[in-house]
Amino acid sequence: MPKLIVAIVLDIDICHQVVRVWEQAGVTGATILDSIGMRHLLAHTQRDDLPLMPSLRSLLESEEYNHRTILIVIPDDLDLEDLVKRTEAVVGDFDKADSGFLFVVPVLMARGLGRREDAGSGKRGSEA
């Protein structure tokens, strides 16, 4: 059964390293979202230098509070334990404070998993 891996990375530079490590492990695609944790949002909406009604967008645009959430769906044949170990080699132990957060959930259905643009022809196809 395919699995969804969600990794919340607190440092933008580390996010790029995680994506590179995942690619080396065989991940063919990922979605990366800007995100902010509830603790940071609540702490910084109490600041005096923010507008009375700060928008989430204005907080996200501030590099200081920006995190990255990386989403990937991996097929059965990709080694999940190896992928997590590689990720923690870059991020550090997720069980330690302020390192980020990672969780995995089963995916009941996935369409288009493993498709990649064929560089030569511009056609889409399945990977072996």
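**View A. Gly100 in the loop between H4 and S4.** In this predicted model, Gly100 belongs to the loop that leads from helix H4 to strand S4 (101-106). Leaving aside residues up to four places away in sequence, Gly100 touches Ile8, Leu10 and Phe94. Ala7 is 93 residues from Gly100 in sequence, yet the two C-alpha atoms are 7.4 Å apart in space.

**View B. The open sheet and the pairing of S1 with S4.** Four strands, in the order S2-S3-S1-S4, form an open sheet with antiparallel pairing. Strand S2 (31-35) and S4 each have a single partner strand and stand at the edges, so one side of each has no neighbour in the sheet. On average, and with direction ignored, neighbouring strands of this sheet are turned by 20° against each other. Strand S1 (residues 3-9) pairs with S4 in the antiparallel sense over 6 bridges, and Ile5 stands opposite Val104 in S4.

**View C. Helix H1 against the sheet and against H4.** H1 lies across S1, S2 and strand S3 (67-74), and runs at about 15° to S3. Helix H1 (residues 12-25) also packs with helix H4 (residues 80-91) at an angle of about 150°, the axes being 9 Å apart; the two helices are therefore roughly antiparallel to each other, and their crossing is right-handed. H1 contributes Ile14, Gln17, Val18, Val21, Trp22, Gln24 and Ala25 to the contact, while H4 contributes Leu83, Arg86, Thr87, Val90 and Val91. By class, the residues of this contact comprise 8 nonpolar, 3 polar and 1 charged.

Conventions. Residues are numbered from 1 along each chain as its sequence is written. This is a predicted model: local features need pLDDT of at least 70, side-chain atom pairs count only at pLDDT 80 or more; totals for chains, interfaces and linings use all residues. Side-chain values use heavy atoms; hydrogens and water are left out. Axes are lines fitted to C-alpha atoms, for helices over the stretch in contact, and angles run from 0 to 180 degrees between N-to-C directions. Angles under 35 degrees count as roughly parallel, over 145 as roughly antiparallel, 65 to 115 as roughly perpendicular and the rest as oblique. A crossing is left-handed if the near helix is turned anticlockwise from the far one by less than a right angle, and right-handed if clockwise. Contact means heavy atoms within 4.5 Å. Ala, Val, Leu, Ile, Met, Phe, Trp, Tyr, Cys and Pro count as nonpolar, Asp, Glu, Lys and Arg as charged, and the others, Gly among them, as polar. Two strands pair if DSSP finds at least two bridges between them.
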